[in-house]
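Dear colleague,

My notes on what was found follow it.

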Amino acid sequence: MDMSESEEISQDQEISSDEEMMRPGITDASSVNGDGYSTDSDYSEIDDTENTESSVEGLEEMKSTTEEELGFDHEINPQDDNMIQNDGYVPFNPDNRQPPQLSPRSEVESVSSTNMPLQINDRASDLLMAVSVGSDANKKKINEMAVSAMDELVRKCLAGEPLWQHRQDCDLEILNEGEYIREFRPFDASLGELMRIIEMEDPQNLANLYESNASTNGTQHKPMFQRDAEKNFLQTEASRHIGFVRMDATSLVECLMDVKQWSSVFSNIVSRTTVLGVLSRGVAGNYNETLQVMKAEFHMPTPLVNIRESQFARYCKQIGPGTWGVVDVSLDSLFPYPLVIFRRRPSGCLIVEMPDGYSKVIWVEHVEVDNKFVHRMFWPIVLPGFAFSAMRWVASIVRHCEPVGNIISTSLDSATIPQNGKTSVLRLARRMMRSFYHDNSASTDNFWVRIHLCHGEDFRLMTKTIYALNGSPSSTLVFTTSLWVPAPPKRVFDFLRHGDSRNKWDLLARGYAVQEIMHIIKGESPENRVSIMQVNSAPNQIEILYLQESYSHPTGSYVVYAPIDILTMGMMLGGGNSDLVNILPSGFVIHPDGPLRNGEETRGSLLTLAFHIMDGSSTEDYLPAADS
């Protein structure tokens, strides 16, 4: 299907900044959720929205129409056997269009659990960690680790081959593990044979295999590519990516070092974060030499991929005039855990001041992780390190700093819409996206239950309690599923975001005319936009309005929307307070079904659907029947 833009943006459009960054003070011992707000209790949704009637009813009919529009066979997610060996990236076969078989591990009822005892234990652990990092002996050790990590990060950022190599099966610059051991780890002649073996294997899939450099808690590293790998192993993922950001270096450093800004900018990756202690507040009134201990959860926008949780030190240092470094390093060697399933090796970025307010960002993401609980459907992008790669981190901050264009409308007089009206719409869209990221993840804030519907598809359901402005509670349902689609991500993305195809998959728009009455371009690509979609049952009869944001990137694309009533939309366009608007986002995430190769699209997509609806019969203690 060849979709094209119906509107073009003139070259002389005035580009203005969406929102100026403000520097709040460093937060000490505060917990921050994906929206960037401090919380001292369990996360609770504060948004309330219109009572939408979207549900899983009619999925089969929607599938048939969608398949025909996209041009592929009706059975888009067959369950036939198609075994994948756990040896790194295994592409889908585009000829037989068979998705990977569901993993037995997907039988687990919930990827993340948030019952009260676990949350109490989690907070107790945070408290003990906060007390431990405050001792003088631990402060000295953490400071030494941070300084050493910064030195390693700078060297990894600036090095070339042979330390970094371009992986042949995907567009990633990955770490040569053998060369890394030679340069950064203690080495003796007894490891010569090991180096020879490493050089013969794929360097990305090699962890630290030698016993002398095993972690202090006794965790033994095993190679991920072994077909029958042992359960308790860590796979190395290490990648580097370079990007140019429309923000000066000083502001970018503030964005990374302030926990509220950081969790907001990277809300598509960071679901929860806590500052456990600030060991040094820097010098000369800036973040130079600032050292803080943090805890964070990193996620993908699907509950089928478990979160990655880490306690780490974050250290900022001015390397030279106009050059800064921000590094993270895990603290499990100082504070041993019974079982380590995720470790951050020195990771972070080097920021170089550029002309015209830009910054050059060299990002290194170097972790060790146990991926055995990842749903088999997502193996092709998680196991090679593509899903959590440095490319995804750079894309997030580049997107945050992109310029915002003027309002373009086909049916409204854009000249009558004030600047604060545009700002209100953009702020509401930003809150909608942050809520979608959080609600559609395996965060420990979310308690997912697996339900079985037609054809054995893996649906996950969660109940939430939201509160209106007057404090009255309401129950909502969030349900999600993922499936493999034999169509390129760009085709799926265009089909879902365009108004002229919406009535083919949206039950509330079935049989009605849908048009985009207004949009605001974000960045250089016209497909990255905030839109207002209008559904008409007759020429002058408006059934519903949608606020929609669409964003496309090789690491993942999004089409997120929420219903808005006419009066509320009018208030927003007039510059009303977006914080007073109730909103429940639903939408789609489109991932490639494997890493990119030579910049070309994959032939298949991993499509995640998530719907957030009102349901008066549901409570946190009662889950509704499958036909809700």
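This is a predicted model: local features need pLDDT of at least 70, side-chain atom pairs count only at pLDDT 80 or more; totals for chains, interfaces and linings use all residues.

Glu 289 is partly exposed, with a relative accessible area of 26%. Glu 289 sits in the loop between β6 (270–281) and β7 (290–298). Its phi is near 70°, which is a positive value in a residue other than glycine. The side chain of Glu 289 also takes part in a salt bridge with Lys 317, in which the closest N and O atoms are 3.0 Å apart. This pair links distant parts of the chain, since Lys 317 belongs to strand β8 (residues 308–320) and the two residues are 28 residues apart. Lys 317 counts as partly exposed as well, at 29% relative accessibility.

**Other salt bridges**

The count of salt bridges comes to 25. One of them joins Glu 183 and Arg 155, with an N to O distance of 3.5 Å. Here too the pair links distant parts of the chain: Glu 183 is in helix α4 (residues 177–184) and Arg 155 in helix α3, 28 residues apart. Glu 183 is partly exposed at 34% relative accessibility, and Arg 155 is likewise partly exposed, with a relative accessible area of 34%.

Strand β5 spans residues 235–245 and includes Gln 235. Gln 235 is buried, with a relative accessible area of 0%. Its side chain makes a polar contact of 2.8 Å with the side chain of Asn 371.

**The loop between β11 and β12**

Two residues of this loop deserve a note. Asp 356 is placed in the loop between β11 and β12, and it has a positive phi of about 60° although it is not a glycine. Asp 356 is exposed, with a relative accessible area of 75%.

Tyr 358 is in the loop between β11 (347–353) and β12 (359–369). Tyr 358 counts as partly exposed at 31% relative accessibility. Together with Ile 242 and Phe 244, Tyr 358 makes a nonpolar surface patch of about 270 Å².

**A cis peptide bond**

Glu 161 and Pro 162 are joined by a cis peptide bond, with omega at about 10°. Pro 162 is located in the loop between α3 (136–158) and β3 (164–166).

**Helix α12**

Helix α12 covers residues 566–573, and its buried residues are Thr 568, Met 569, Met 572 and Leu 573. Seen down the axis of α12, these buried residues fall within an arc of 135°, so they line one face of the helix.

Which elements do the buried residues of α12 pack against? Their partners are helix α10 (419–439) and the strands β17 (513–522), β18 (529–538), β19 (541–551) and β20 (557–564).

Both ends of α12 can be described. At its start, a side-chain oxygen of Asp 565 comes to within 3.1 Å of the backbone nitrogen of Leu 567. After the helix comes Gly 575, which has a positive phi, near 95°.

With kind regards

Conventions
Residues are numbered from 1 along each chain as its sequence is written. Side-chain values use heavy atoms; hydrogens and water are left out. Buried means under 20% relative accessible area, exposed over 50%, partly exposed in between (1.4 Å probe, protein chains only). Helices (H or I, at least four residues) and strands (E, at least two) are DSSP runs, numbered from the N terminus. The arc is that of the directions from the helix axis to the C-beta atoms. Contact means heavy atoms within 4.5 Å. A polar contact is a pair of N or O atoms within 3.5 Å; within protein, one must be able to donate a hydrogen and the other to accept it, and residues adjacent in sequence count only if both atoms are side-chain atoms. Patches are made of residues with over 30% relative accessible area and no salt bridge: like charges are joined within 9 Å, nonpolar side chains (Val, Leu, Ile, Met, Phe, Trp, Tyr) within 5 Å. Accessible areas come from the Shrake-Rupley method with a 1.4 Å probe; for residues, only the protein chains shown count as cover. A salt bridge is a side-chain nitrogen of Lys or Arg within 4 Å of a carboxyl oxygen of Asp or Glu.
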